[in-house]
Amino acid sequence: MSTESIKVLMVCLGNICRSPTAEVAFRNEVAKRKLEHLFDIDSAGTGTWHIGEKPDKRSRAAAALRNMDLDPLQARTMAPEDFHHFDYIFAMDAQNHSDLKAMEPNNAKSSVQLFLTWPNKADGQDGYQEVPDPYYSGEEGFELVLDLVEAASKDILDHIIDTHQLS
Ligand code: 4NP
């Protein structure tokens, strides 16, 4: 196996709710399997409104109840270099996916994937094809995000472990 890290980027609209939650869920799954030294994990937004902000306090509170710490994160927007740096770029919903495809250069390193249906999962995670935007929802929207991204992180890591023969 190459010694280069496997670079994974989670992307949503604001980078304050879904993608930071997915970043930490995936990071925790990687840590559970003691593979931290092999990964470089980050998140970003397609929008610019929340640059520099911590994750939404509702996301932080819901995540904290599952021992996930979102506090150190800071929102950023997608940069052109991201398409050359990351091996996997995961979009939380179809709009994020099409926004990313519109920004993607011809010589991008990775191709953009929908987080819940990669690889080739027609039914998606628990029947969801996309992680619903919780920004205007109640608490249950944030719980749903956590349920979906925690389950998908396990599946995605299984697949990456197989693909890169990490075990
Ligand atoms: P996210 O949620 O894309 O999961 O971070 C949102 C955050 C902010 C807004 C929309 C969605 N907003 O309209 O400001």
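Start with E4, which sits exposed in this predicted model, with a relative accessible area of 51%. Its side chain meets that of K7 in a salt bridge, at 3.0 Å from N to O. K7, by contrast, is buried, at a relative accessible area of 8%. Side chains of opposite charge can pair when their charged atoms come close. A search of the whole structure turns up 15 salt bridges, so let's look at a couple of others.

Move on to helix α1. Here R27 and E23 form a salt bridge at 2.4 Å, N to O. They are four residues apart, so about one helical turn separates them. An α-helix has 3.6 residues a turn, so residues three or four places apart point the same way. R27 is partly exposed at 33% relative accessible area, while E23 is buried at 3%.

K32 is exposed, at 61% relative accessibility, and E29 is buried, at 7%. Salt bridges with shared partners tie E29, K32, R33 and D158 into one network.

Now for helix α5, residues 139-163. With 25 residues at 1.5 Å a residue, α5 should span 36 Å, and because its end C-alpha atoms are 36 Å apart, the two agree. Its buried residues include F142, L146, V149, I156 and I160. What do the buried residues of α5 pack against? Their partners are β1 (6-12), α1 (18-32), β2 (39-45), α2 (57-64) and β3 (88-91). After α5 comes Q165, with a positive phi near 50 degrees.

Notes: Residues are numbered from 1 along each chain as its sequence is written. This is a predicted model: local features need pLDDT of at least 70, side-chain atom pairs count only at pLDDT 80 or more; totals for chains, interfaces and linings use all residues. Side-chain values use heavy atoms; hydrogens and water are left out. Helices (H or I, at least four residues) and strands (E, at least two) are DSSP runs, numbered from the N terminus. The expected span of a helix is 1.5 Å times one less than its number of residues. Buried means under 20% relative accessible area, exposed over 50%, partly exposed in between (1.4 Å probe, protein chains only). Contact means heavy atoms within 4.5 Å. A salt bridge is a side-chain nitrogen of Lys or Arg within 4 Å of a carboxyl oxygen of Asp or Glu.
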